[in-house]
Amino acid sequence: MNLEKLPLPIQKLLIPEYSGDVVYECIACSAPYALDQFLYTCPQCKSLLRLKDQRFHELKKIDGTVWREIFDYRHMLREEALQGIFLFKELLFPSIPLQDVIYLGEGHTPLVRSNPELSSIVAMEFFVKNDGLNPSASFKDRGMASAISFINYSIRTRGLTEVLGICASTGDTSAAAALYLSYLDKKIVRSVVLLPKGRVTPQQLSQPLGSGATVIEIPGVFDDCMKIVEQLAERYQVCLLNSKNPIRIMGQKSYAYEIAQQLEYNTRELVVVVPVGNAGNVTAIMEGFIDLYSLDIIPALPLILAVQSVHANPVATWRSTGTYTPVSVKPSVAQAAMIGDPVSFPKVKKLVEDYYAEAFLTVDLQEQDIIEGMLEANRHGHVVCTQGGESIAGLKKALSQGIVKKNQTVVVDSTAHQLKFSNFQEMYFQKNFPGGYNICPQDTFINKPVQLEASSAAVAQYLHLKEK
Ligand SMILES: *Cc1c(COP(=O)(O)O)cnc(C)c1O
Ligand SMILES: [Zn+2]
């Protein structure tokens, strides 16, 4: 829609002019660092960094109701750079000029109301926010859109002639990084991903290969790959694209903004269920809601229900025992979250201490419940991955424990597309899970193709069709 057709008072606010003053800030010693470099830890105390807009308070001059109108009307504009996560540019990453924004179709994923039968199985109605409907089929695209826009901006403004983007991955970070990097100038940008060999699905492996990235397979699990890229980022000139890079977190805050917008900014009695691996996403979602709350765009912070598998549950264990200890992971169908020592844990801890307190809940789940959460949802008109199944199973468990209540509005995060994880469905249907998973397939869920001869009579007979 044409800008001139929208209400006058709001018109001048629709193309964002505010550029803020964004710096890296250490989460421990609060030291600020300029954004003219790629930085992941505090050079002084080695703690994690977050991004801080030092002029954020100026945004408070605009009323919460006006912000809501800005975001809602912006949806109607054809301005390309504002079509994705940058719709929320002032909160998300104000200092990137629109000309540098890379938009590949990410964000604005749907909220889908749970099917009635599934609702009765879970014991309440809820919404699935399907982040599998992003370009590389996971939420990682949100963070990658902001990180790659920043690289694009840095190339233009700093005249960089060589950039090597690198990440460790449980599968989806590498798919997203490789996709977004492949959009940039190949004479300048190289793309490298490190994967734990045999620990990403075939679809996830095919994605960075298809995008032309250098794919390096390493024996071990994600945590081993992460250590390597962390050391590389300390010593060499590389751009780390894991969620340790706070610019990733910046983009992933859009998930929270969108939920608020899709619920018409009514966040009272809201619960958001998030599967937790490296804890970047849950950090981003919590930070996103804090932004909205501090600008009066929403009336309350939601409850966050973080879900993990018992095979990789350092955050849930921290919450129930009060002590954080890295765990060594066992095989999990929620493989994208199979992380024993989440890099962003210190951020989670701080956000819980400073803002969420009792509003941060955790449950951990058996592998059987996770996979059946996925199978059940997919049999009822939903498209969820194993981590989405984990979210649904987590909601069910939290309800039965009374920590989530039926009168609340629940949004369940399905973090990736079902098709990325079809090998786990396959193992279930073929009853060939390796022992480490502790999954015992039940016949009620199993589905297999039927072989028939090529005749309508054979098909009709098999289906017991009645003649007209
Ligand atoms: C990365 C990922 C997760 C875990 O997110 P973190 O930010 O690492 O906690 C969950 N689900 C899917 C599908 C993922 O790709
Ligand atoms: Zn510091």
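# Notebook: cavities, pockets and a zinc site

Helices here are DSSP runs (H or I) of at least four residues and strands are E runs of at least two, numbered from the N terminus. I note that this is a predicted model, in which local features need pLDDT of at least 70 and side-chain atom pairs pLDDT 80 or more, while totals for chains, interfaces and linings use all residues. Residues count from 1 along each chain as written, chains are lettered from A and ligands numbered from 1 in written order, and side-chain values use heavy atoms, without hydrogens and water.

How much space lies in the largest cavity? I find about 270 Å³. A cavity is a set of points on a 1 Å grid over the protein atoms alone where a 1.4 Å probe fits but cannot get out, and lining residues have an atom within 4 Å of a point. Its volume is the space filled by probe spheres on points joined across faces, edges and corners.

The lining of the largest cavity has 24 residues, and those nearest the centre are Phe-139, Lys-140, Gly-277, Asn-278 and Ala-336. Besides H11, helix H6 (172-181) and H9 supply at least two lining residues each. I sorted the lining into 10 nonpolar, 11 polar and 3 charged residues. In this sorting Ala, Val, Leu, Ile, Met, Phe, Trp, Tyr, Cys and Pro are nonpolar, Asp, Glu, Lys and Arg charged, and the others, with Gly, polar. The largest cavity lies between domain 1 (111-134 + 260-445) and domain 2 (139-252), because both give residues to its lining. The domain bounds come from an automatic or database assignment.

**Entry 2, the second largest cavity.** My search of the whole structure gave 2 cavities of 30 Å³ or more. The second largest cavity has a volume of about 40 Å³. Its lining consists of Thr-170, Pro-196, Arg-199, Val-221, Phe-222, Gln-335 and Met-338. By class I get 4 nonpolar, 2 polar and 1 charged.

I turned to open space next. A pocket is an open set of points with protein on both sides within 12 Å along at least five of seven lines. The largest pocket has a volume of about 690 Å³. Of its 30 lining residues, Arg-50, Leu-51, Lys-52, Asp-291 and Tyr-355 are the closest to its centre.

Which element gives the largest share of this lining? I find that H13 does, with 5 residues. I also listed the elements with at least two lining residues each: strands E1 (22-26) and E3 (49-53), and helices H3 (89-92), H9 (246-252), H11 (280-294) and H13 (345-356). By class the lining holds 14 nonpolar, 4 polar and 12 charged residues. Domain 1 and domain 2 both contribute to it, so the largest pocket lies between them.

I find a volume of about 330 Å³ for the second largest pocket. Of the 15 residues in its lining, Phe-38, Glu-162, Val-163, Gln-237 and Val-238 lie nearest the centre. The lining divides into 10 nonpolar, 2 polar and 3 charged residues.

Which protein atoms are the donors of the zinc ion (ligand 2)? I listed the SG atoms of Cys-26, Cys-29, Cys-42 and Cys-45, at 2.3 to 2.4 Å from the ion. Donors are N, O and S atoms within 2.8 Å of the metal (3.2 Å for Na, K and Ca). Along the chain these donors follow C-x2-C-x12-C-x2-C. The 4 donor atoms make angles of 96 to 122 degrees, and the site is tetrahedral (four donors, all angles between 85 and 135 degrees).

Cys-26 belongs to strand E1 and Cys-42 to the loop between strand E2 (32-33) and E3, so this pair ties together parts 16 residues apart in sequence. Both Cys-26 and Cys-42 are buried (buried is under 20% relative accessible area, exposed over 50%, partly exposed in between, with a 1.4 Å probe and protein chains only).

Tyr-265 has phi near 65 degrees and sits in the loop between helix H10 (254-262) and strand E10 (270-275). Is Tyr-265 buried or exposed? It counts as buried, at 6% relative accessibility.

For Asn-438 phi is about 60 degrees. Asn-438 is in the loop between helix H16 (422-429) and helix H17 (456-463). With a relative accessible area of 57%, Asn-438 is exposed.

Last, I checked Lys-397, in helix H15 (residues 386-400). Lys-397 is partly exposed at 29% relative accessibility. Lys-397 and Arg-74 are 39 Å apart in space, C-alpha to C-alpha, and 323 residues apart in sequence.

Technical notes: Tetrahedral: all angles 85-135°; square planar, octahedral: opposite > 155°, others 65-115°.
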